[in-house]
Structure formats: C-alpha cells, structure tokens
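Subject: Structure for you to look at

Hello,

Here is the structure I promised to pass on. Please open it alongside these notes.

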Amino acid sequence: MAKQPMLKFVTVDRDMPEKRGATVRKEDFDEIYAEFAQAKAEEQASRCSQCGVPYCQSHCPLHNNIPDWLRLTATGRLEEAYAVSQATNTFPEICGRICPQDRLCEGNCVIEQSGHGTVTIGSVEKYITDTAWEKGWVKALAPAQERSESVGIIGAGPGGLAAADRLRRAGLQVTIYDRYDRAGGLLTYGIPGFKLEKDVVMRRNKLLEDGGVTFKLNCNVGEGITFQEIRDAHEAVIIATGVYKSRDLGGPGSGAKGIVKAIDYLTASNRENFGDTVPEIESGELYAEGKKVVVIGGGDTAMDCVRTAIRQGAESVKCLYRRDKANMPGSQRETQNAEEEGVEFVWLSAPKGFTGGDAVEGVMVQKMRLGQPDASGRQSPEVIEGADYVEDADLVIKALGFEPEDLPTLWDQPELEVTRWGTVKAQFTTGATDLDGVYAVGDIVRGASLVVWAIKDGRDCADAILEKLGATPAIAAE
Ligand code: FAD
C-alpha cells in the first residue's frame, strides 16, 4: 500500500510559524509571525484528516478547497496548491494573514473538535501564495480577448479589487475610483502593518494595474465627480465604499482635545509608516508617544489601536470594554497578542464622560456587571451604582464601530435604496440594487464585516455582471 501522506494529526502536533517575542516586535510595525519553512508547511498540512464533509471549507465564505490544497502542499505539489487556492480566492495570502480563522475554517476543523488542535490552515494558505509570488507563479492577468463594455467601481478596498480582478480577466474595461491616494481601502489605511505588511497589498494593486485595470485615485465621488457621471460612463457601476462614519460618544467633556477617532488614528499611523508627512503625527495630536492612552471598545479595531499605541511608545495603554473577555467581539488571538505586548484590559467598564478642560485628562468610568441576556442572547451590561472612578488619560481613542455614510444624500441619489441601518440595499447573491446597472458589495452592504466577505461579494457581483453582459468568467489562475 502506498505511504499515507495525510492524517498525521495522530503523531504530529499542531505548530504555528514562529512568533517574534513581544519585546522585539513592539519596536516596529512588521508582521509578528515568520513564514513556515517548506518542510514545516508540508508537515503541518499533512495533519489534515481529509474529511468526507470538510467543515473548514463549508465555513469559509469563499468555500476554499482547503483539503485539496493541504494535500497538494503535504505532497510537495506547491504550484498546483497555489492554482487551487487562487481559483476561489482573489487574495489568499491576505486572508491567510488576517482572516479570523479561529471563527471560520480553523474553528470548524474536525480535528480541532476532537481535541487534537486544528490544522494551521491560515499559515499554510499564506505560505502557498507567498511562495507563488517568490517563484513568479503569480502573473498579471491577461484577458484572452478584449471586450468593449466597461465597469466603474467606486472604492478600491478588497470588495472593489476582487470584482475588478474577475471582470478584467474576462476582458472588460475596468476603472476604479477611490478618494484615497493609494488603493487597498482598509487593507492599506485601516489594518496595521503588524497584521498585514503593506507591500503585500501594494504588489496586488500593481498586478491589477499591470493587467489593465485603471485606477483613478484622489477621486472623491460626490465631490470631484458625481455618481451620475460615473453611471453615464459605464455599462455597470459597483459601489464598494465601505463604512467610515465612526460611532461616537457623548457625555461631559466629550469634545475635549485628545479624544480622537480610531480610523483617524490608524490612518495617520499607516501613512507615517509609508513615509508620508502627517501633520497630526508631527503635532502629536494623533501620536501616542509618552502618553497615557485609553482605547474604548472591544473589537478588532480597538485591538489594532492599542497595539499601535504600544509601538508608538505610549507610557501606558489601557483598553476599556463594557463586557468581559469571554464576551468581547475582537479575536482572542489578537487580545492575547496585545496582552503579551503590555496592554492592560479593563473589563466591565464603560465611559460616562471625560475630565479635564480644553484637553482631556481622564475618562470617567462606570463599572458594569453582566445581566440578563438580551434578544440576541448576549448578556446585557448593567451599571454597578457607586463604583465610578476616573482613569487617567491624555489620549483617548474611540473604537466603537462604524456606520455607513448617507450615500443617497451625499451623491444626490434619493432613489438609491438603503436599509434602516443606512447600508445599501442589494441582493446578497449578485449585489444588484434596484437601480438598473448599479451594484453594491462589501461593508457598504453588510455593515462592518470581514475582508473575506468583501472578496466573496466582489467576485459574485462580477459574475452577475458578466452573466448579464453575456461574458464568461475566466478561470482565476492563468
Ligand atoms: P473598504 O476596505 O473600506 O474600502 C472602501 C474604499 O472605498 C476605501 O478605499 C475608500 O477610500 C473608498 N471610498 C469610500 N467612499 C468613497 C467615495 N465617495 N469616493 C471614492 N472612494 C470612496 N477584517 C478582517 O477580515 N480581518 C481583520 O483583521 C480586520 N481588521 C480590521 C481592522 C480595522 C481597523 C478595521 C477598520 C477593519 C478591519 N477588518 C478586518 C474589516 C475589513 O477591513 C473590512 O470588512 C473590509 O476592508 C471591507 O472591504 P470593502 O471593500 O467593503 O471596504
């Protein structure tokens, strides 16, 4: 009988790529995990049990053929592993780095459920495509034939870019409009380099450009150019603008200097790391060095802020969250990374106002306990009377989530239907809105979500447009 290359979970333990020590990694913005060596990637991939019903795949929004590319990796057939991985995912190396695998593929891995520890799917996924880049297997897209129809995409985040890739492969003319000076959306200006190094995003942007996608950057739709002008210029338009309106905090002192929005803080830091001159960093307004920093919120954005503040040399960094650790929305892996780097979590604590005058000096904190579950099943936080105190702070970062901008008003398109949350109303399988030829994908449809969902929406929407135009989707990997 041939030697069995898989099911090694019985004899081989789960292993992650090496993680840089906290004292070293907090000195820079580089990624914290090293790459697997080939032998290690093969060994870890060989732990897969090749289940008849692969729950990893069914819990991946893109339904990536994970067992297939794990088997190909385990048997040294890396170029084929890359082809299979790339066929369902436009940016596998990005998902490998920043997907919350513990909630998706790895969290549903059968051997994880049986107590053996999940296959390290994300790290193998990253290894496969990073190797493909290194070996030159990732090629600029080259459509077999050009078509005359054009699609305008508003927003160069993962949703817009994934749609652009698929449309251009089929030969359509694609123009992406974005208000920022670099493409990538939150991959570029939201997520910090220690989770996703920026050259990983920039090389993808360049690949699309080399493949004939036109980028119109510094182009704010609704200001420099109208939505109607874009609609008139293309057969179809995709709205992929994400959600950027920060949820705010009220209470006494909430307008004081030193209380800032997470997105402004993270964008400034990412810009600085690109080498841009950022006046708010130079003035100290959006810089944590030497400060007592308090971040309010318990999601992934809050985790990115606390870890950025540590790297900027804050005197202390505390994270206030109104529920406890078990009930926070952020990834447990990122919370652990933050704790290792010196962040202090203050659980069951909510802000009620701010002390100080012109500039903030502290956060007035109410202590909370968890009460009865609400309609969603989550325990509601309740105030503990008489337990208030003041947490000293000279930089407060609000990371309370995001809401959509009011596109129908901003773009003078009252007939663009939105939900009661302000997200654009679109069919989930195609992205089609009620406006003829207008589609929407990613966070602007789902509300603040995940990169992998934006990619899925972008691909599905592109396929719907291609079908409508009578074009055939090209096979993803050339
Ligand atoms: P975006 O990425 O937001 O891109 C939208 C683009 O549209 C932007 O480039 C913007 O400039 C442009 N735009 C907006 N309005 C206009 C206009 N009027 N004219 C022209 N251009 C416009 N997800 C994960 O899966 N893993 C993570 O670890 C993770 N970490 C995150 C950390 C932070 C700090 C944040 C904020 C989000 C994080 N997310 C993470 C969520 C993820 O980034 C988003 O779900 C994803 O980027 C949404 O993609 P999108 O294409 O819909 O929008």
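This is a predicted model. I started with the nonpolar cores.

The largest nonpolar core has 44 residues. Inside it, I153, L167, I176 and I238 have the most contacts. Several elements supply at least two residues each: helices α6 (92-98), α9 (158-169), α11 (198-210) and α19 (451-469), plus strands β1 (150-154), β2 (173-177) and β4 (236-239). The largest share comes from α19, with seven residues.

Take I176 as a way in. Not counting residues up to four places away in sequence, I176 touches I153, G155, A156, G160, L161, A164, V213, T214, F215 and K216.

Another core lies apart from the one above. This other core has 29 residues, and A262, Y265, Y287 and M303 are among them.

Next, a helix pair. The axes of α4 (residues 66-74) and α8 (residues 121-135) come within 11 Å. They cross at roughly 65 degrees, and the crossing is left-handed. On the α4 side, the contact uses I66, W69, L70 and T73. These meet I121, V124, E125 and I128 in α8. By class, the contact has six nonpolar residues, one polar and one charged.

Best wishes

Definitions and conventions
Residues are numbered from 1 along each chain as its sequence is written. This is a predicted model: local features need pLDDT of at least 70, side-chain atom pairs count only at pLDDT 80 or more; totals for chains, interfaces and linings use all residues. Side-chain values use heavy atoms; hydrogens and water are left out. Axes are lines fitted to C-alpha atoms, for helices over the stretch in contact, and angles run from 0 to 180 degrees between N-to-C directions. Helices (H or I, at least four residues) and strands (E, at least two) are DSSP runs, numbered from the N terminus. A crossing is left-handed if the near helix is turned anticlockwise from the far one by less than a right angle, and right-handed if clockwise. Contact means heavy atoms within 4.5 Å. Ala, Val, Leu, Ile, Met, Phe, Trp, Tyr, Cys and Pro count as nonpolar, Asp, Glu, Lys and Arg as charged, and the others, Gly among them, as polar. A nonpolar core is a set of buried Ala, Val, Leu, Ile, Met, Phe, Trp, Tyr and Cys residues joined through side-chain atoms within 4.5 Å. Buried means under 20% relative accessible area, exposed over 50%, partly exposed in between (1.4 Å probe, protein chains only).
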